[in-house]
Amino acid sequence: MSEAIKPIDGDLKDINIFDPELMKCPHALYKKLRDESPVYQDPATGIFQVSKLELICEAARNPKVFSNDFGALQKDGGSDDYPQEAADIMMKEGYPSVNTMLTADPPRHTRYRSLVNKAFSPKLVQGMVPAIQRKTNDIIDKFIHTGKCDVAVDIAQQLPIKVIAEALGVSSDYYEDFKVWSKAFTDQLSGTSTPEEHIEIAKKLVKFQQFFANQLDEKGKNPADDIISDLATIDFEDEHGVTRKLETAEQLSIIQQLLVAGNATTAHSITEAIKLLIEHPEQMELVVNDHSLIPNMIEESLRLLTPTNNMWRIVTEDTELGGVSIPKGSSLLLRYGSGNRDEEVFENPDTFDVTRKNSKRHVAFGQGIHVCVGMNLSRKEMYTAFPIIIDRLKNMRFAEGNDFNYSPNVLLRGLDSLHIEFDKA
Ligand code: HEM
């Protein structure tokens, strides 16, 4: 078993499904939801929960009825206490927030999405392999002589930030800033921030916007072969059929999503894969002896962790899903993390099995028109980094001091620290 999953007793309606403790390990709740009410309206919040794989896919493939126009929910994780001061900071010092990919519906979504698709085509991503290999080796060189590291901090958070920085065309000297901004966006999504924390987050987001607005300006004047230059110079046909340059707010929205959506998620996946391998020495041995199992091992880790554990939808018309009526205007959570442990699809769903035949049927990258635009890149990063990690960090084992604490977050799931030891090189 990947985690000891104790069933939850009692009535669903008596459970606070947004209890931070439950968010840390939601699998027992998910099982109860799947067993008892796969489309469940939480009485306390009114939010519908979709927990079976087939129903999640049905909703995700129907963007007309299950809309991604959830920008307002995303800002404060759905809480009512988003402070006016944070909104004022963003309004006065920053750029307005606009819906581009994640929070846009067709036809608007289609236009932005096709712009970004080009940057992450399989061919372009394949071209990044030598850089990913080099970066992975450089990252490991820094600590390998010590025989220990924090996987999350020393490897997993570094690689995706360095790779996306290069693709955007920004020097990795700004690594620490990227990390701070990326975390600010993730915290904003947590649904657990206090009003004071929201104000601090807003200050960081304004810094992010100002930094990238400058980069866009400079690259508009001196374009190079990178994503920021493309965003600065491209002719864009908007949903009204007008061809124009992108506005700064649109450019920033796209950059923000590339930075946020890819960093914590890929970092959490790398960390979880190492944790699962250490917890299951027999699976580690299989992968160490046969590197061709690495891609499936990654898919299996993605399935079990599901870094984007949940995603919002807004219902645009009275509808029905899984026999349950859902009124227009309802908010809904697609529980991707639950669908990925659906026992009707995955045999022994809580078991980590690097040889599982259908691991890749997971929906960790979503489904339908919003399916992750960075999935080629993320997979390539992990498929490329893992053979190097496994070859160089021999006999990986847990060090003292791990609390295995998954921070509570309505949307995202993963460890921000994992201390390990390995044989010194
Ligand atoms: C393991 C790593 C990743 C996971 C688990 C993940 C997960 C997801 C999921 C579940 C969605 C769909 C959201 C929805 O249903 O509305 C999504 C969308 C998205 N992802 Fe990822 N992602 C990962 C890596 C990346 C990377 C590396 C990038 C960028 C470089 C990225 C950029 C995006 C963007 C921009 C969207 C919005 C796409 C749209 O709405 O059309 N993601 N991701």
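This is a predicted model: local features need pLDDT of at least 70, side-chain atom pairs count only at pLDDT 80 or more; totals for chains, interfaces and linings use all residues.
I took C57 next. C57 is in no disulfide, and the nearest cysteine sulfur, belonging to C372, is 15 Å away. A disulfide needs the two sulfur atoms within 2.5 Å. I then checked accessibility for both residues. C57 counts as buried because its relative accessibility is 8%, under the 20% limit. C372 has 28% relative accessibility and so counts as partly exposed.

**Iron**

Which protein atom is the donor of the iron atom of the ligand? I found the SG of C372, at 2.3 Å, and C372 is the only protein donor. I also noted where C372 sits: in the loop between α17 (336-339) and α18 (375-392).

**Shell around the ligand**

I counted the surroundings of the ligand and got 29 residues. The closest are H109, R113, Y336, H370 and C372. By class, I logged 15 nonpolar, twelve polar and two charged residues in this shell.

I asked which elements each supply at least two residues of the shell. They are α6 (108-119), α14 (248-279) and β7 (311-315). Of the elements, α14 gives the most, with seven residues.

**Polar atoms facing ligand oxygens**

- For Y336, I read 2.6 Å between a polar side-chain atom and a ligand oxygen.
- For R113, an N or O atom of the side chain is 2.8 Å from an oxygen atom of the ligand.
- For N68, the distance from a polar side-chain atom to a ligand oxygen is 3.0 Å.

R113 and Y336 had already come up among the closest residues to the ligand.

**S253**

I went back to helix α14, where S253 is found. Is S253 buried or exposed? S253 is buried, because its relative accessible area is 8%, and the limit for buried is under 20%. Leaving aside neighbours within four places in sequence, I found S253 in contact with V98 and T100. With T100 there is also a polar contact, side chain to side chain, at 2.5 Å.

**Recap**

Conventions. Residues are numbered from 1 along each chain as its sequence is written. Side-chain values use heavy atoms; hydrogens and water are left out. Donors are N, O and S atoms within 2.8 Å of the metal (3.2 Å for Na, K and Ca); water is not among the atoms, so sites may look incomplete. Helices (H or I, at least four residues) and strands (E, at least two) are DSSP runs, numbered from the N terminus. A residue is near a molecule or strand if one of its heavy atoms lies within 4 Å of it. A polar contact is a pair of N or O atoms within 3.5 Å; within protein, one must be able to donate a hydrogen and the other to accept it, and residues adjacent in sequence count only if both atoms are side-chain atoms. Ala, Val, Leu, Ile, Met, Phe, Trp, Tyr, Cys and Pro count as nonpolar, Asp, Glu, Lys and Arg as charged, and the others, Gly among them, as polar. Buried means under 20% relative accessible area, exposed over 50%, partly exposed in between (1.4 Å probe, protein chains only). Contact means heavy atoms within 4.5 Å.
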